[in-house]
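Good morning, and thank you for letting me take a few minutes today. Please have the structure open while I talk.

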Amino acid sequence: MSKQIQVSGLDAYYGSHKAIEDVSMTIEPRSVTAFIGPSGCGKSTFLRTLNRMHEVIPGARVEGKVLLDGEDLYSSDIEPVSVRRAIGMVFQRPNPFPTMSIYENVAAGLKLNGRVSKSETDGIVEESLKGANLWNEIKDRLNKPGAGLSGGQQQRLCIARAIAVKPQVLLMDEPCSALDPISTLAIEDLMTKLKDEYTIVIVTHNMQQAARVSDRTAFFNLAAQGQPGKVVEMDDTSRMFTNPSQKATEDYITGRFG
Amino acid sequence: MTTPVRTRGGGPATRRAASRRSSGEGPFRFASTGAGVVLLGVMAAIAVFLISEAIPALQANKGNFFTELIWEPNGSQVFGIAALAFGTVLSSALALVIATPIAVGVALFISHYAPRRLAGPLGYLVDLLAAVPSVIYGLWGLVFLVPFLKTPSVWLNEHLGWFPLFGGEGVIGGKTMLAGAIVLAIMILPIIAAISREVFLQAPKINEEAALALGATRWEMIRMAVLPFGRPGVISAAMLGLGRAMGETIAVALIFPATFDLSFQILTPHANSIAANIANGFGEATPIGRGALIASGLVLFVITLLVNMGARMVIARRKEYARAAA
Amino acid sequence: MSAIQRISTGRRIKDRVVQGLVYLAFALAVVPLISVLWLVIQNGLARFDLEFLTHSMRGIGARDAGGGAYHAIIGTLEQVLLASVIAVPIGVLTAIYLVEYGTGGRLSRTISFFVDVMTGVPSIVAGLFIFAFWILFLGIPFSGFAGALALSILMMPTVVRSAEEMLRLVPNDLREASYALGVPKWRTILKVVLPTALTGIITGVMLAIARVAGETAPLLLTVFFTDSINNDPFNGPQMGLPLYVFDQAARPNDTAIDRAWAGALTLILIVMLLNLVARLIAWWRSPSRAR
């Protein structure tokens, strides 16, 4: 269920602009890895290269290697569609399909591969909603539109939708930045629970959040304005926040810039 | 900064007081409001004068205006709208059936398939279709399309003649309902494509990304995130297209053979429409004949008005929905 | 087992098939355009000569060679000009009312709704209305001006909509800055709002002109036919270029059909030129907004 990701020498471009340069790292299974760093340093871009969502943007491209348990995601015989199936994603703004009910939202990914019986779908929907800590709140209104839920509930619905297809890895792009503190807490609890089964990668602006939920942290930064973003340092979260090896990391964590 | 704003025209009340004193405000406001009222007046006048000028002819009618097939207001003074209205509805419906799938495909092509740098110019190319005057489509239909359709018409009649639309004796192509419907389809395609393209482009990017991140192919993404969002827009676009097809005159006036019967056989030379009949019959009409044509125009006006109002209501509902979803 | 499962052949095929259909739809839409333009150019050039542009059809039968569309070109230019003179002020003023004065009131919502409905009025109905009102009710004979009235009805809603859109694009800050200087509202609209929106409004007006320049049906019922030159749009029947094409196309002689094609070429050149200039103005004005 849970796989390791190894990145080596990865560059990402928007047209001719290089957004990130020479990123190499290993992301361990059954753990939460957090990416922190100032705005525009390429954290989200890098996250999107991990499930080939980066190339959805016209003109965007990637050079380098991303291995999922040894298999290169960017090798020529791998389709982006199958990569995204294996590596799920949760976005900054909750984005349930507005025309679908809660049930249909969770089942949306399942339907793609077809031939899933009604009872099987029911089971997976329930399991996923429970997995996303949402089942008890909405179990009697599964046929209501997903857009009618609160922001935090919508985001958990999106998590349920992502885990319903049983991915190997779950990528989360600032999943709490549009949410209130209580909803944020619910999502953070959920991440701690989900890491038993999934490899989780989260981009966050919130240092406390990274410290609370993650096992390992990577700090991204720009060498200068207009330069590509790079990984400055990556380490166990506890060490990173108490005893960073780089001056820039310390400055950022202690709030001296960014 | 705030002081001059307050004293010299910031607050609505003071601004109104100040403007009442200035000489141009009243007349200007009156002119612009008046222009809007003139527009409403024109719409009302269309209804009033079509009705008033149709009444004498309708009183002279020796047949039933709504059920009679024959159109002889100049001679026997027996005339009815039935055959013409039937032809109008059938030809427009056919045009819609042909144009809508293609227009939706074109819209998707521009919004989601074409390379981004080409999408603009290619979209403009489709818009150009709408710029070609209708009389030129008529000429094209008459000189090119009608002869061109001969072989396919004969083939359809031979092999699929059991299907009522393709049935009939002595199919040799020529000026048929099918030829007119195809020309109408080409003429309404740009408007359906343009509106559909706009609503497809408005489909929320975050939902498209959600679908892709679930491992959807491009088509699956479109089905999950684009088409459901765009459906009301496409429906109202199709209805606007239908309204256009019904009112389209000159192209079909050149192509339809001007018969007065009810025939579903679209490959045989039986076709007419209210608008084509007005264009073809106006020159030789007696005063009663002209009144009869005005009466038929009134029917066309009412039908297109209903179709257009329906389309606007669908759009209006979509706007509310989009606002609620945002 | 591999971590990444390939998608099923069925899904891949479906995706490809739809892609093929979408490309096919586009091709199907462009083919008639190319076919129409090609035939108009090819057949139109046969008679697109100096005689065609400078002579009328006076004394020339359907079977005779020669003749031209000068009278029709003059008619179209005059009718379209008159229609613009009527429709543009009413249209722009209505747009000003909708944007600047009638903020959400019942009258403005009614006007806005009927502007939409008016876009759907068939052109032949506009012609019939002017015929019923101007010619039958008021008893004024056929003339170019009657045609212009019918065309103006078709122009109005298009002008209102495009002008309204452009006026709404004018930032509110500009209006407020002007009010803050004590400039009354009407002068603000005339001196600040309209000039800002001007190029956009001109583009919309030109597209509206291009649209009505090709209308045949309303002319048929209002300007009637003539084969002679009539420079006076207020007296006697006139001709219009679209009407000329319709008239010649309905005659079963090659000489007439040739003239119809030449007329079509002239018409399409005028319409496309108007379109092109309109788009160029829009593009020149806002290169960043061009999609």
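Predicted model: local features only at pLDDT ≥ 70, side-chain atom pairs only at ≥ 80, totals over all residues.

Residues are numbered from 1 along each chain as its sequence is written, while chains are lettered from A and ligands numbered from 1 in the order in which they are written.

Let me begin with chain B, where an unreviewed UniProt entry annotates residues 85-311 as "domain: ABC transmembrane type-1"; such annotations use the numbering followed here, have shortened feature names, and may be inferred rather than shown by experiment. Over residues 85-311, chain B is 77% helix and 0% strand, where helices (H or I, at least four residues) and strands (E, at least two) are DSSP runs, numbered from the N terminus.

Next, chain B touches chain C through 77 residues from chain B and 75 residues from chain C, a contact meaning that C-beta atoms, placed from the backbone, lie within 7 Å. On the chain B side, helix H3 (residues 25-60) gives the largest share, 18 residues.

Finally, within chain C, the axes of helix H3 (residues 70-101) and helix H4 (residues 106-119) come within 10 Å and cross at roughly 135°; axes are lines fitted to C-alpha atoms, for helices over the stretch in contact, with angles from 0 to 180 degrees between N-to-C directions. In this pair, Thr94(C), Tyr97(C) and Leu98(C) of H3(C) meet Ser108(C), Ile111(C) and Ser112(C) of H4(C).

Note on methods
Contact = placed C-beta atoms within 7 Å.
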